[in-house]
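Colleague: Could you take me through one part of this model at close range? I would be glad if you then carried on to its surroundings and the other chain.

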Amino acid sequence: MSANPPTPPSSENPLHDLAKFEQVVAACNRCGFCTNYCPTYKATGNESYSPRGRNQLVRALIEGKMWDAAQASESIETCLLCGECTSVCFSEVPTAKLMVAARHFINRSKGIPRGLSLMLKQLLPHPRRLSLLLRAAFVAKALGLSALARRTGLMKFFPALAAADEQLPRAPLRFLRDYPFIRQRTEEALAKVRHAQVMAAQKSAAAVSTISQMPTVAFFTACGSQYVRPETGLATARLLERVGVKFVVPEAICCGLPAASYGVLDSVRQFARANIDLLEKGRYESIIVDDSSCGAHLKDYASFFEGDPKMSKRAHELAQKTRDVSSFLLQKGLAAHLAKAKWLGGPVAYHDPCKAQYAQKLTAAPRELLGAIPNLKLIPVPDADQCCGGAGTFAVVHAELSRDIAEAKVKNIMSTGCRVVVTSSVSCLLQLAAGLRRAKSNIEVVHITDFLQRTLSH
Amino acid sequence: MAKPTQAVSSLNPKLIAELQAIVGEKSVLFQPADLHLYSYDAALDRANPSAVVLPSTPEQVTQLVRALALHKRPFVARGAATSLCGGPVPLKNAVVIGMSRLQGIGRFDKIRREIAVEAGVVNLNLQQALEPLGMFFPPDPGSQKACTIGGNAATNAGGPHCLKYGVTSHYVVGMEIVLPDGQPIHLRIEDPGYDIVGFLVGSEGTLGIATRFRLKVIPKPIVVRTALVSFNTIEECIQSVTDIIAAGLNPATLEAMDRTVVEAVEAFIQAGYPQAEAVLLVEVDGDKVEELDSQMKQIEEICVKNGSQEFRYAKSEAERVKLWDGRRGAYAAMARLAPNVLVEDGAVPRTKLPQALAEIKKIAEELDLRVALLFHAGDGNLHPQIIFDERNAEHTKVVKEAGYRMLKACVDLGGTISGEHGIGIDKREAMRWVFTRETLMLFRRLKNIFDPENLCNPDKLIPLVSKPAAVPPPEDIEFKVGSDGSVTPADEAEMTRIVGQLARKKTLFGIGGSESRFRVKENLVIRTSMLNRVLDFDPANLTITVQAGAPLEAVRKSVEAEGRYLWVFGAGTVGGAVATRASVAPPLRDLILGMRILLPTGEIAVMGAKTMKNVAGYDVPKLLLGSFGTLAIILDVTFRLFPYASKESKVEKTRPFILKDMHRRIKKAFDPHGILSPRTCGLTETDLPNIETDVADPFRGGEVGNIGDRFWL
C-alpha cells in the first residue's frame, strides 16, 4: 500500500493516457457487486475475468505496481465492453472505457499486431477496398471453399477463420448499397451536398428553396447491414418510406467501433473525423442508424476528442442528431401501421444489445413497436440484462469464451418457448444465430426492422 | 516495461503438476497479474497467494486439499471476496482455492423444507431460485448480489432481515466439509452429540472447506409492510429503535441511516429517500394484514413520540424493492464519496444503542473524520463507515485507529467487535478485548485439533497468545464428598478450585444437575445445584443470563411475569437442558447468545455477549449443546428472550451418545487429560490412555503472516 505517487505522466510516457483515469479507477472500492453480472466472470469464475479484477489491474498499471503490461493483456482483452458492470456499480466505474484506455496503453507498449493495423488503417476506412475483399471472400465461400477447407481439416490451422466462418453461415453476394433503391438515395444525398455547396456560394433564393425541399433525414448504413445482412438495411429503408419520411443515404464509412474496441485511438479519431466531415456536408437534422452498436458509437465520438474543443463540439452535434431506428419509427407513428398488421408466427422474444441497453439506455422503443402488433406475444427472456458474447470480433478472437457465454444466453432464450428472437444489432444477431444452431434449435433470429417490415408486408 | 513474461510461483513444480492434473492446466493460475487479483477482498489487507486453483466440483476440492496437505502448503477458500475483514486474503502465501465454479443448486425437499447448494452459489441466485417456490433464505447481507453461500456460512452472515429471522447458522442444517487433511465428512445438526455444524458455521474457513450445504428455507411472508421514517437527528432515530424493541414489537427489519448514506445512495439509484438527517427503514411481515397494521401503528406512535417527521409507506412492490436496493447499496455507494471506506461492525445490547452512537460520534469528531452511519439498529449492530483514501498513509492510520476505538467503545458497553462481518485479519488483535487468554487458548486448541499444521486459512481469527508464566499450584483444599459420591460446591469460586485440583490430580469426574434426564455414571460427580441464580435479566434488550443449576421452569415463570418469554422447554436445570439438547422446537441452538464454561483444566472460558449477533471467535457454545457433560461444566448461559410466547414447545427424550472420532478430537481440546465424564459416553478404561496422549499444543501455529504494517503491532 505505497503512498508514492505514480511516475508523473508525460507525453512520452505511454501511461499518460491511462493515468488520467487514476481517480476514476480509484473509485472502485472492490465491493464485488459487479462480479455476478459480468458474463466473462460468470463463464469462468476467474477474478481475472471480472470487472473488479480488470479495474484493479488498471490501477496497478497506473500506480506502477505492475511492470509488464503484457501480464494484464489477457484480462483486459477479454472484456466484452458490454457495460453491464457500470450499470450496477454504485460509483459507476466505467470499466468498458477503462478497458479501451488500457488496450490503447498495451498497444503503445507492445505495438499493434500487423493484421489489425491493416484492417483498421487500410481496409475499414475504404469502402471500395472493403467491398472488393469481402466480395472475393464471399464468392469463395459460395463456391464451397470454406466447406472444403473444413472437410480437409485445413481450417484447424486457422481457428479465427474457422470461428468467423461458423459465425457467418451465409454471406450475401450483393451488398446493400448495390440495390437501386438505396443507390438512388445515395445519388440524392450527393445532389444535396452539391446543392448545399452551390447555395453557400450563391446565396440565391432559388437555391435556398431547393435545399429546404430536400430530405433532412439521413440513413447511416452500418457495416452489418451493408455487407452481411443487406435485407435489414432494405427493411429499414422501406419502413422509413412507409411512415412517410423522406431520406437519403449519404456517403459514410465504418463508424470505427472496431478501432475503439481494440483501443487504437488514433484510428477511432480518423473514422470519427471522416464521418463527421461527410455527414456535416448534408446538413441533416436526423441521422438514422439501424444497428445499435454503430448508433452507440456515433453518439460516443465526443469522448475521444477530449481536449479538442472544436472536434468535441462537432461530435456532440452529430450525437444530438443520431437516432436509433426503433425510437425514430415509433415517434413517426409506425405503431399505427403495426396495429393493422397480423402476426401468426408464435411467441416472440426480444434480445437487447448491450450497446442499446447500457450505452444508449434504449429498451422501451423496440418493445413498444412489437407490442403494437396484434396477437404478438412478447415473452421476457430470463437474464435479459446479460451480453450474448458476440461483441463484434470478440466472437472470433475469443471464440471459446464467446461460445460459453452464448450457451447461457441461448439456454435462456430457449426457455421462453419463443419461435423468433428479435434484436437490433447484427453482431448479436450472428452470435445468437450461431448459438442457436449449435443448440440445434430452430428459433429464428431477426433484426427488428426486418421483422417489422416482414410483418407489415404479409 | 519490456521485461519478459515469466511464470513465477514459489510452489514446487511437482505440486503444480499435481494441481493441474486435478483441475486442468487452465484452472491453475500463477502469473503475477492473476496472483495480484487474488490478493484482496473488499477491505484493505492484501497478501499474494502462491497460486490460485479453480475447482469445478466438490470432489476436486477434496483432491486439491489432500494434495496441498501432503505437501504441507497452506490454502484458503475464497468465494466472491466481498469480505470486509480480510477473511479470504491468503496469508503465508497460501494457495487460493476459488469456489466460484461450484454453482450447483439441488432439488427442493418439500417435506423438510431444505435445499442443497454448493458453496459457490451466489446468495441472490439462490433467492431467485427459491422465488418461484414461494420460499426464501433469510440471511440477506448487503453484498447478497455477489457473496456466496460458502462465504455466508464462513462468517455466519446476517443482514437486515436477521432481526426477525436469525442469522446463517440458524439455516445451515447440514454440510459436507473437507477437513484440512483432505478428508471429506458429512454432518447434520441432528447427528448425536455436539452441534458440530453450528460450531463450523462462522469459523471463517479456518477448520476446513465446506463444499456443499443443506439449508433450511422458509415460506415467504404473505404480507409485507415497508415504511420509511425520517428524523431531524440520528439520536431520535436510534432512540425510537431502542423503544420499539423494548415495547416488545417484532419488526422484520429496523435499518437506520444518516444523511451521508442517504445522499450517496440517492446519487446513484434515486430510491426516493427523503433528504433528512436520519431515516429508519422499517419492515413488518406476517400472515395477517390487521396484525401488521396494528404493529405499524404502534411503531409509528413510538417514532412520533421521539420526534419523527415523515412516516411514509412503500406503495408498491417496485417502490419497496427500490428502497431495499438503496439500503443494500450503502456500502458500495460510499465509493462515490472517497476511494476507500472502513466499515466497522460492532454490536451492543439494544438498550446501549444511544450511548454507542454518542461514543462513535465523539471519536469521529476528535479525529476529524467523515463518518457515515448505517446501523442494523434493530439488533444493535453498528456499521459506522469512515471514508478515506488509502493512498494517504497518514490518514489511513488515523482511520484505522478510529475504527479500533469505536470497537473498543462497543466492547466497553457490553457488546462485541463483530456482529456479522467476521474477524479475519482486520480484527484479530481486537479479539483480546472480548476473550480471556484461557478462551483464546481453547480456540487455539480447537484450531489445532482440526488443523495441526496450520494450513487451512492460516493465521486468521485467533491472536497469538503468550505462554502463561509458571505459577506454583495452589494448595490443595479439602472438599466434602457425599455418600452418593457427589460434591456440591457452594459457588463458582469453590467449584473452580475443586476442578483445578481434580485436573492436577487427573481424577476422573462427571457433572450433574438434577439428573432428571440421564444418570451420570462417574464415581465422582460435581453438582451445579448451588449455581442457581439469575445473573442478569434485561427485559428491554430481551436477554437473560442465568446460572446452570437454576431450575428451568422457575426461570421461565419469572420472565413470563414480566411479559417476556424464554423459549427453552422441559424440566430440570438450565445447564441440563443445554447439555442434553432436549428442547428441540423452537431450536435451542438459535437461542443461546453467550456462555461461560469451566474447563476440566480448571480454567474458565467466556463466550458471547448480550448482543443479538456476534461472530467473534469460534461458536464454542454450539459444542456444549448435546455434550452430556463430556466437554466442560456450563457455568451460566445468556439466552435470547421473546416478547411473545412460542407457537411450539417440543421436548425430546435424548440420551448420552457414543463418542466417535470427531467427538474425541473435539473433546481433546476441552479436556486434554481425559478426566471428564468418560463412562457416561461409553469410553472404556482402554480408551482413556488414548485420549491423554497427543495433547494438542495450543502455542503451535499462528505466526504473524505477511500483513504489512499494522499500527497496533
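How many bridges join β13(B) to strand β14 (residues 278–286) of chain B, and do the two run parallel or antiparallel?

Modeller: Happy to. β13(B) and β14(B) are joined by 6 bridges and run antiparallel. Before going further, please keep in mind that this is a predicted model, in which local features need pLDDT of at least 70 and side-chain atom pairs count only at pLDDT 80 or more, while totals for chains, interfaces and linings use all residues. Residues are numbered from 1 along each chain as its sequence is written, and chains are lettered from A and ligands numbered from 1 in the order in which they are written.

Some terms first. Helices (H or I, at least four residues) and strands (E, at least two) are DSSP runs, numbered from the N terminus. Two strands pair if DSSP finds at least two bridges between them.

Back to your strand. Within the pairing with β14(B), B:Thr253 has B:Glu283 as its bridge partner. β13(B) also pairs with strand β17 (residues 371–376) of chain B, in the antiparallel sense over 2 bridges. As for burial, a residue is buried if 20 or more other C-beta atoms lie within 10 Å of its own, exposed if 12 or fewer, and partly exposed in between, with C-beta atoms placed from the backbone. Strand β13 (residues 253–258) of chain B has 6 of its 6 residues buried, so it is largely enclosed by the rest of the structure. Both of its faces are covered, with B:Thr253, B:Glu255 and B:Met257 buried on one side and B:Leu254, B:Ala256 and B:Asp258 buried on the other.

Elsewhere in chain B, B:Gln309 sits in the loop between α10 (289–305) and β15 (311–313). This residue counts as partly exposed because it has 17 C-beta neighbours inside 10 Å. Leaving out residues up to four places away in sequence, B:Gln309 touches B:Ser230, B:Phe231, B:Asn232 and B:Ala276; here two residues are in contact if their C-beta atoms, placed from the backbone, lie within 7 Å. B:Asn232 is 77 residues away along the chain, yet its C-alpha atom is separated from that of B:Gln309 by 7.2 Å.

There is a hairpin in chain B as well, formed by β8(B) and β9(B) with 5 residues between them. In its turn, B:Gly182 has a positive phi of about 95°. The two strands, residues 172–178 and 184–188, run antiparallel and are joined by 5 bridges, with B:Ile177 partnered by B:Ile185.

Now to chain A. An open sheet of 4 strands there has the order β6-β5-β7-β8, with parallel pairing. β6 (378–379) and β8 (444–447) of chain A stand at its edges with a single partner strand each, so one side of each is left without a neighbour in the sheet. Strand β7 (residues 420–423) of chain A runs parallel to β8(A) over 4 bridges, and A:Val421 stands opposite A:Val445. Helix α26 (residues 426–438) of chain A packs on this sheet, touching β7 and β8 of chain A, and its direction makes about 175° with that of β8(A). α27(A) also touches β7 and β8 of chain A, at about 95° to β8(A). For such angles, axes are lines fitted to C-alpha atoms, for helices over the stretch in contact, and angles run from 0 to 180 degrees between N-to-C directions.

α27(A), residues 448–456, has a helix partner too: α15 (residues 230–242) of chain A packs against it at an angle of about 60°, with the axes 8 Å apart. That makes α15(A) oblique to α27(A) (under 35 degrees counts as roughly parallel, over 145 as roughly antiparallel, 65 to 115 as roughly perpendicular and the rest as oblique). Among the residues making the contact are A:Ala235 and A:Leu239 of α15(A) and A:Leu452 and A:Leu456 of α27(A). The contact residues divide into 4 nonpolar, 4 polar and 4 charged, where Ala, Val, Leu, Ile, Met, Phe, Trp, Tyr, Cys and Pro count as nonpolar, Asp, Glu, Lys and Arg as charged, and the others, Gly among them, as polar.

Finally, where the chains meet, the contact takes 32 residues from chain A and 39 residues from chain B. On the side of chain A, α5(A) gives the most, with 5 residues.
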